[in-house]
Structures are given as C-alpha cells and as structure tokens.
Amino acid sequence: MSAAMFAATTSGIRPDGEDAFIPSSVCKQGDVSQSLDPGLTQAVPFSSGNPRIDETRGIMHLFREDASSFQNLPVDRKPLVCVLAVPNHMTYADFCSFCGSFVQHMAEMRILRNDGMEDQYSVLIRFNDQSSTDSFFKHFRGKRFSSLEVDACQVLYTLDVEYTGSIEHAQGTLASSAEQVNCAVCLERLDQDDGAILTTICNHSFHCSCISKWADSSCPVCRYCQQQPDKSTCSVCGTSENLWICVICGSVGCGRYKDGHAIRHWKETQHCFSLELETQRVWDYVGDNYVHRLIQSKTDGKLVELNFHGAHADDTCGSCNCGDSGIDEALFNSKFEAILMEYNDLLTSQLENQRKYFESLLQEAKEEDEREISKAVQKAVNLRLQKLKTKLNKHIEEKRFLEDINENLLKNQETWKAKIQQMEEREQAAVRRKDEKIQKLEEQLQNLICSIEAQNAVDDNPPSLVSNDIKNVKIALPGSSSSSSRSK
C-alpha cells in the first residue's frame with residue numbers, strides 16, 4: 001500500500017473514488033496547518049520506506065497530552081490514533097499480540113519512523129468506528145509494554161496526516177515501484193473486509209493475521225529489518241574510525257594511527273592476522289605487511305587472488321590480455337597450488353601456535369587455580385586450627401576453674417562435717433541436760449503434790465488425830481534430802 005493510498009484512507013477519501021488523493025508536495029502545505037489550533041495539537045515529523053530505495057516523509061498532527069484525558073476526550077477526534085515510542089525490539093507480531101482483541105476492530109496499521117529515534121518507532125492506527133478508538137485509547141494509554149520494561153504506551157489522537165514528499169535513493173524493484181495488491185504471505189488480495197492491513201516501515205502491506213505468524217523482524221518482501229545492527233566500535237576506547245577485527249577471536253580494535261588497541265591485542269594474544277573493516281584487507285603483524293586473500297570470481301567461479309593494485313601493475317601493456325592462454329593457465333594453476341600450499345602451511349602453523357598459546361594459557365590458569373586452591377585450603381586450615389586452639393584454651397581454663405571450685409568444695413565439706421559433728425554433740429548434751437532437768441522437776445512436782453495433799457488432810461481432820469499422824473509421817477519437801485544428807 002503506497003503512502004498516497006494510506007493518506008487518502010486516513011482522510012476518509014477512498015483511493016478508488018472520484019476524489020483521488022493529491023500529495024501535499026503538490027498542494028499548498030499551509031492549507032492543513034492553518035486550520036489546526038497550535039494550542040491543542042502538535043506536529044510530529046516522520047518518515048517511512050527502505051532508506052536504500054526510497055523514503056516517504058510527512059508530518060502527523062497529534063492532539064497534545066493535556067488536551068486528551070479519560071474524562072474529556074477531544075471533540076474533533078477521529079477514529080485515528082498514533083502509538084508513539086514503541087521499543088524497536090518489539091516485532092510486528094509482538095505489537096499485534098500486544099493489541100490483543102482490538103486488532104479485530106482495526107482497519108489499517110502503518111509503521112512509521114520518528115526522526116532522531118533509532119531505537120523506537122511509531123504506529124498509526126485507523127479503526128472501523130469511534131467507540132473502538134476510544135476504548136483502545138482508554139485501555140492502552142499509560143500501559144507498560146511488558147512487566148520487565150518501564151516504557152509505557154503513549155497513545156494520542158491523530159487529527160491529520162500530511163505527506164510532504166518522497167525521496168528516491170535508487171531504482172526501486174518491482175515490489176517497491178508497482179502497487180502492491182496482494183499479501184506476500186498468503187498471496188490473497190489486500191482487502192479490509194478480510195481483516196486489518198499492516199504496512200511495514202518499508203511501505204509493504206500485509207494482513208495482520210499473516211504478519212503475526214512471521215516470527216522474524218524483517219520484511220517478507222524486501223528483507224529490510226527494522227532492528228538495524230549496531231555500528232562497530234573499538235572494544236577498548238569506543239571509537240568507530242580505522243577499525244580492525246581479529247580473524248581468530250573476533251576482537252575489534254582501533255589501528256595504530258588511532259590508539260593502537262588492535263596491535264596491542266596482537267602483542268597480548270599473539271593473534272597475528274587482523275582484518276581492516278573499511279577495505280576488507282588482512283594484515284600480518286609478524287610479516288608487517290598485507291597478505292593475499294582468495295576470492296571467488298563472479299565470471300567463472302574460480303578462486304583467484306584479490307589484487308587491489310591491478311592485475312598488470314608493472315606491465316607496460318596496460319590492461320591487455322596478451323600472452324598464450326595455455327601458458328597463462330598453467331602459470332595460474334601452479335601459482336594457485338603454490339598459494340594453496342602456502343596458505344595451508346600458514347594456517348597449520350598458526351593453528352599450532354594458537355594451540356600452544358592456548359595450552360599455555362590453560363596451564364597458567366590451572367596452576368593459578370591450584371595456587372588459589374592451596375592458598376584457600378591453607379587459609380581455611382589455619383583458621384580452623386586457630387579456632388580449635390582458642391576453643392581448647394577456653395576449655396582448659398574452664399577445667400582449671402572447675403578443679404579449683406572442686407578443691408574448695410572438698411575443703412568446705414570437711415570443715416562443715418566437723419562443724420555438724422560438733423553441733424550434733426552439743427545438741428545431744430543439751431538434750432541430756434534437758435532430760436535430767438525434766439526428771440528433777442517431775443520429782444519435785446510429785447513431792448509438792450504430796451505435801452499439798454497432806455496439808456489438806458490436816459485441815460479436814462481433828463487436831464488430836466492430826467498430831468498423831470504428823471508424828472508418824474515424814475514429809476519430803478524439796479531440798480529435804482539434801483538438807484538431811486548435810487545434817488548427817
């Protein structure tokens with residue numbers, strides 16, 4: 001689908017109708033911009049097409065973010081939106097999968113390239129009706145493209161698309177110059193009744209259902225890839241001038257006329273062959289000169305030596321083909337065989353040198369690992385031994401402390417045994433004295449009771465009887481035995 005056809009459909013004019021779309025380069029470019037309110041819209045330049053063939057440039061007039069909100073949608077909005085700043089790693093199939101079920105309500109999608117943003121692109125989408133457009137705007141505005149990214153989807157209503165011109169860089173092929181009416185994947189006619197139509201960044205159109213099955217990020221027609229490869233730079237200083245790549249390990253470094261990182265790589269690794277990216281010539285650091293390269297001839301398919309200075313640089317006859325063809329062929333065959341043998345010998349010697357070099361690196365790495373392991377083991381053993389010694393000294397001190405406590409306890413045990421024995425003896429003596437004292441008190445109490453009873457008997461009987469009885473009775477009072485014994 002061409003740019004004029006898409007612009008006509010976005011403006012609501014059918015390309016097959018009477019009112020054909022007239023490019024903006026023919027019309028007055030001020031006719032569109034004068035009718036727009038600069039306070040509500042913003043102009044975003046874009047381009048599309050394969051840069052090697054042709055480019056189409058234009059301007060999108062988008063409503064500003066402050067003029068579009070979920071509550072207050074623009075009054076003059078159309079079923080046309082633009083998704084800005086889509087990450088370049090998202091393929092066409094990824095973006096169709098991101099849109100989900102809204103693809104069924106889309107009429108067209110066009111991939112556009114924003115000026116100054118190589119790692120992002122924009123998508124211009126035209127829906128079948130306004131309600132689907134509003135639902136898409138409310139659902140995807142501010143939504144992240146994936147849970148692992150911080151980039152959010154920026155959806156803005158598009159008021160108009162203005163194409164300013166086309167630039168042809170080379171003669172286009174049949175697929176780019178002729179009008180594309182069939183899908184290159186399913187070979188069916190491009191009809192909006194069969195579903196949404198997606199136009200890639202190189203201006204080739206496909207059914208969305210067909211391009212969703214295309215896993216590659218390149219175009220199925222021209223193989224133009226939207227993810228452009230990064231420019232080569234020096235792996236050390238980052239410069240992009242005078243670059244050389246090692247043909248053995250692929251390390252990229254700058255030449256000796258810059259910072260000399262390529263020759264420094266040779267001194268460190270002994271990789272003596274390096275390819276100059278600009279001229280595709282191979283330099284031999286050991287021989288300090290360029291070496292031959294065998295290329296395949298486009299005429300007869302034979303392998304010949306690449307010569308940058310001409311086949312007859314030292315011949316006086318210029319570029320003529322003088323001489324016997326048989327002799328030339330024999331010389332060429334012998335020279336080819338000699339070159340082949342030399343190349344094989346050179347390759348064998350280089351491979352042998354590389355084998356020895358990498359074996360030495362492996363041996364050094366192995367010895368380094370062994371030294372590191374022995375150091376780690378010795379360090380671990382010393383640390384473990386130190387911990388064990390510390391623990392042993394701590395246990396010895398605890399043992400000494402416990403022995404001192406045990407000795408003191410044994411001494412205290414003997415002392416307390418003697419004290420307990422003395423206390424038991426004193427307790428026994430006190431008990432004996434107490435028993436003796438109680439026995440004496442019982443005897444005195446018995447005598448006292450007897451005297452009280454006798455006194456009561458005297459008080460109850462006549463005096464004559466009492467006197468006779470008293471004469472015959474001896475009352476033992478307390479202390480009488482002692483007094484009597486003293487009187488004797």
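**The core and beyond**

Modeller: The largest nonpolar core has 41 residues, and V83, F95, M106, M109, V123, I125 and F136 touch the most other members. A nonpolar core here is a set of buried Ala, Val, Leu, Ile, Met, Phe, Trp, Tyr and Cys residues joined through side-chain atoms within 4.5 Å. Buried means under 20% relative accessible area, exposed over 50%, and partly exposed in between, using a 1.4 Å probe and protein chains only.

Colleague: Which elements give two or more residues to this core?

Modeller: They are β3 (80–87), α3 (92–99), β4 (106–114), β5 (120–127), α4 (130–140), β6 (154–168), β7 (197–199) and α6 (208–211). α3 gives the most, with five residues. Helices (H or I, at least four residues) and strands (E, at least two) are DSSP runs, numbered from the N terminus.

Colleague: Is this an experimental structure or a predicted one?

Modeller: Predicted: local features need pLDDT of at least 70, side-chain atom pairs count only at pLDDT 80 or more, and totals for chains, interfaces and linings use all residues. Residues are numbered from 1 along each chain as its sequence is written, and side-chain values use heavy atoms, with hydrogens and water left out.

Colleague: OK, back to M106. What does M106 touch?

Modeller: Leaving aside residues up to four places away in sequence, M106 touches C99, I125, R126, F127, N128, F136 and A196. Contact means heavy atoms within 4.5 Å. There's another core apart from the largest one, with 13 residues, including F46, M60, L84 and L156.

Colleague: And α4, which residues are buried there?

Modeller: In α4, the buried ones are S132, T133, D134, F136, F137 and F140. Just after α4, G142 has a positive phi of about 80 degrees.

Colleague: Switching topic: how many disulfides are there?

Modeller: Zero, searching the whole structure. A disulfide is a pair of cysteine sulfur atoms within 2.5 Å. For C153, the nearest cysteine sulfur is that of C99, 7.7 Å away. C153 is buried, at 2% relative accessible area.

Colleague: Last one: how many helices and strands in the protein chain?

Modeller: Ten helices and 15 strands. Of the chain's 488 residues, 28% count as buried. Among contacts with a separation of 6 or more, 57% join residues 24 or more positions apart.
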